Amino acid sequence: KVLVIGGGFVAFDAARTALRGAAEPAPGGIHEAVDAARLAVRAGAEEVHIASLESFAEMPVLRSVQGHEEFEEAQKEGVVFHPQRGPKRFIGQRGKVREVEFIGVKRTYDDNGRFAPIYDNDFVERMQVDSVILAIGQQTDLSFIKSSDGIDLTPSGLLKIDPKTLTTTSEGIFAGGDAAFGPRNIIDSVANGKRAALSIDEFLRGKSATSYFDLTVEKIPTRRFTRPEDFEQIERQAPPTIDLNRRTGISEVEVGYTEEQARRQSERCLACHIQTIYNAEQCVMCNRCVDVCPEYCLKLVPLSELALDDALKQRLLEHYNVDPFMPASAMLKDDDTCIRCGLCALRCPTDAMTMEVFYYEEKERVKR
Ligand code: SF4
Ligand code: SF4
């Protein structure tokens, strides 16, 4: 009987490696607890339990669709969950853990979402176990850095760096990733690696380079811009999985999409590289784009209703050559809620609203 105490990061990587018998990339947080528990079942454990401080409603794993899929797969494989349990002590016999004593947890996060568990000492529970996997916390081990190295840390214990060049306070030493920025996703760390490599190259060659973005914008002919019907309502396609009875050892549980599933999944893309572009000079303020927008993200409002300071208002009037004594309007758009359906452009009678595609490319300019 294996108990996984979940919610943290570090000790778990080792546990997963031991369970699998081979290294596998391990994500952070309670995902790891779920992964490790499922692996323990597949590796031959008869019973695997996960105990977490969080209630189901608080569990990070249950905040995403993928997390729900993960959770359901773990349940199917027989993992038993014990939310709102705070491990109080391990009870051992002849050097081996035999029982874990828990107290209750009333809540794990405060109203601001900060980790601040409140325990319930009236609730006490013991669980017999043969093995315990701890997944309760991870931080960068910077103990190898000595004060003579000249590498400063921030008050929160991260490496102090210039975020643009990733240089530390010690010449010739560069840093990025979680050690410099705190926990983020792996894409940021990969980007840091690339940025640091460029900085190191500049440092070694004694040249300085500045990076800049090359932006190309192409207008999409309005009637050529189409999206699949109800694309914003297509459900995520869960990756197909192998049968429960084939999930042993290091077998791969999630297999790839079929072509049909992959096409369906890709239809959900909100095409963030495509934007609506509004040309005020061509707008006749007919309000049709506002009326047709399914997400209510467009609004035509009188300029007088906007809380603008006088200087900005003056700049706008001058930029658009508007008589300050004549009524003027502004088009407001909430880009966060736009789903790039293109209906506003399609409805616009004057081509004042268009769909345009943006291509960014990061380039280097080397100064000698
Ligand atoms: S593209 Fe669609 S969602 Fe976005 S502003 Fe236009 S109508 Fe609204
Ligand atoms: S539909 Fe076109 S012309 Fe009419 S308000 Fe919208 S952008 Fe302006």
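Predicted model: local features only at pLDDT ≥ 70, side-chain atom pairs only at ≥ 80, totals over all residues.
Two strands pair if DSSP finds at least two bridges between them. The strands themselves are DSSP runs of E of at least two residues, helices are runs of H or I of at least four, and both are numbered from the N terminus.

Residues are numbered from 1 along each chain as its sequence is written, chains are lettered from A and ligands numbered from 1 in the order in which they are written, and side-chain values use heavy atoms, with hydrogens and water left out.

I start with the sheets. One is an open sheet of four strands, and reading across, the order is S3-S2-S1-S7, with parallel pairing. At its edges are S3, residues 80-82, and S7, residues 131-134, and each of these pairs on one side only. From one strand to the next the twist averages 20°. For angles like that, axes are lines fitted to C-alpha atoms, for helices over the stretch in contact, and the angle runs from 0 to 180 degrees between N-to-C directions.

Inside this sheet, look at S2, residues 48-52: it runs parallel to S3 and is joined to it by three bridges. To find the place on screen, go to Ile 50, whose bridge partner in S3 is Phe 81.

The next sheet is also open, with three strands in the order S4-S5-S6 and antiparallel pairing. Here S4 and S6 are the edge strands, each pairing on one side only. Its twist, too, averages 20° from one strand to the next. As a general point, side chains in a regular strand alternate between the two faces of the sheet.

Take the S4 side of that sheet. S4, residues 85-93, pairs with S5 in the antiparallel sense over eight bridges.

Now the S6 side. S5 and S6, residues 115-128, are antiparallel and share nine bridges. Glu 99 has Gln 128 as its bridge partner in S6. This hairpin leaves five residues between the strands, and in the turn Gly 113 has a positive phi of about 80°.

The cut-offs are under 20% for buried, over 50% for exposed and partly exposed in between, with a 1.4 Å probe and protein chains only. Arg 107 and Tyr 119 are 12 residues apart along the chain, and their C-alpha atoms are separated by 7.4 Å.

Next, the second largest pocket. Its volume is about 530 Å³. It is lined by 23 residues, and the closest to its centre are Tyr 278, Ala 280, Tyr 320, Ser 329 and Ala 330. Pockets come from a 1 Å grid over the protein atoms alone: a pocket is an open set of points with protein on both sides within 12 Å along at least five of seven lines, and lining residues have an atom within 4 Å of a point. Grid points are joined across faces, edges and corners, and the volume is the space filled by probe spheres set on them.

Which element gives the largest share of this lining? S11 does, with five residues. By class, the lining has 19 nonpolar, two polar and two charged residues. Nonpolar means Ala, Val, Leu, Ile, Met, Phe, Trp, Tyr, Cys and Pro; charged means Asp, Glu, Lys and Arg; the others, Gly among them, are polar.

H8, residues 310-319, is one of the elements that give two or more residues to the lining. Of the 10 residues of H8, one is buried, so the helix lies largely in the open. Asn 321 follows H8, with a positive phi near 55°.

Last, the ligands, where near means a heavy atom within 4 Å. The residues surrounding ligand 1 include Cys 293, Cys 297, Cys 338 and Cys 341. That shell divides into eight nonpolar, two polar and two charged residues. Gly 342, also around ligand 1, sits in the loop between S11 and H9, and at 7% relative accessibility it counts as buried.

Ligand 2 has 13 residues around it, the closest being Cys 283, Cys 286, Asn 287, Cys 289 and Cys 348. Its shell has 10 nonpolar, two polar and one charged.

Note on methods: 1 Å grid on protein atoms, 1.4 Å probe; cavity = no way out; pocket = protein on both sides within 12 Å on 5 of 7 lines; lining within 4 Å.
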